[in-house]
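The sequence and model come first, then the notes by topic.

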Amino acid sequence: QVQLVESGGGLVQAGGSLRLSCAASGRTFSWYRMGWFRQAPGQEREFVASITWNSGSTYYADSVKGRFLVSRDKAKNTGYLQMNSLKPEDTAVYYCAAFVWATNTYDYWGQGNQVTVSS
């Protein structure tokens, strides 16, 4: 099992910044990529960004490219999502997830963190 515990998030004005953290524990050797997703009320969960744990390769959704930065601290087994120039449409519950070698899917998920951007 892998446990993902998120922190950060909250309320911010448009144009502001927030940082989310995702601390991993348990069978951390079983996954190799950490993804970030978000779900706004009444909408489906969507991909935001991901980082390959060893190489540090990153991927971003077009909607956040240039504004969000995903990173990780391998020593702490913690991933981060730095969100800058936030917009009201970024308001959502944000989740981190671990992409598992054996299943090739995001099998483990954090508890979710509310991010609210006021206009």
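In this predicted model, Asp-62 and Lys-65 form a salt bridge whose closest N and O atoms are 3.1 Å apart. Both partners lie open to solvent by the accessibility criterion: Asp-62 is exposed, and so is Lys-65. This pair is one of 4 salt bridges found in a search of the whole structure.

**Salt bridges around Arg-38**

- Arg-38 pairs with Glu-46, and the closest N and O atoms of that salt bridge are 2.6 Å apart.
- Arg-38 also forms a salt bridge with Asp-90, with 2.9 Å between the closest N and O atoms.
- Arg-38 sits in strand S4 (residues 31-39), while Asp-90 is in the loop between strand S8 (78-83) and strand S9 (92-100), so this pair ties together parts that are 52 residues apart in sequence.
- Arg-38 counts as buried because its relative accessibility is 6%, below the 20% limit for that class.
- Asp-90 is likewise buried, with a relative accessible area of 1%.
- Through shared partners, salt bridges join Arg-38, Glu-46, Arg-67 and Asp-90 into one network.
- Glu-46, a member of that network, is partly exposed, because its relative accessible area of 32% falls between the limits of 20% and 50%.

**Arg-67**

- Arg-67 is placed in the loop between strand S6 (58-60) and strand S7 (68-73).
- Its relative accessibility is 10%, so Arg-67 counts as buried.
- Leaving aside residues up to four places away in sequence, Arg-67 touches Gln-82, Met-83, Asn-84, Ser-85, Leu-86, Lys-87 and Asp-90.

**Trp-101**

- Is Trp-101 buried or exposed? With a relative accessible area of 54%, Trp-101 is exposed, since the class begins over 50%.
- Trp-101 is found in the loop between S9 and strand S10 (106-109).
- Apart from residues up to four places away in sequence, the contacts of Trp-101 are Phe-29, Ser-30, Trp-31 and Tyr-32.
- From C-alpha to C-alpha, Trp-101 and Glu-44 are 25 Å apart in space, and 57 residues separate them in sequence.

**Fold and dimensions**

- The chain has 11 strands and 0 helices, and from the N terminus on its elements run β-β-β-β-β-β-β-β-β-β-β.
- The radius of gyration is 14 Å, which agrees with the value near 14 Å that a compact globule of 119 residues would have.
- The C-alpha trace spans about 40 × 25 × 25 Å along its principal axes.
- Of the contacts between residues at least 6 apart in sequence, 52% join residues at least 24 apart.

**Surface and charge**

- Of the 119 residues in the chain, 45% count as buried.
- The chain exposes about 6100 Å², and carbon and sulfur atoms supply 49% of that area.

Methods. Residues numbered from 1 in each chain as written. Predicted model: local features only at pLDDT ≥ 70, side-chain atom pairs only at ≥ 80, totals over all residues. Heavy atoms only, no water. Helix = DSSP H or I, 4+ residues; strand = E, 2+ residues; numbered from the N terminus. Rg over C-alpha atoms; globule rule 2.2 N^0.38 Å. Buried < 20%, exposed > 50% of the residue type's maximum accessible area, 1.4 Å probe, protein only. Contact = heavy atoms within 4.5 Å. Areas by Shrake-Rupley, 256 points an atom, 1.4 Å probe, with all protein chains shown as cover. Salt bridge = Lys/Arg side-chain N within 4 Å of Asp/Glu carboxyl O.
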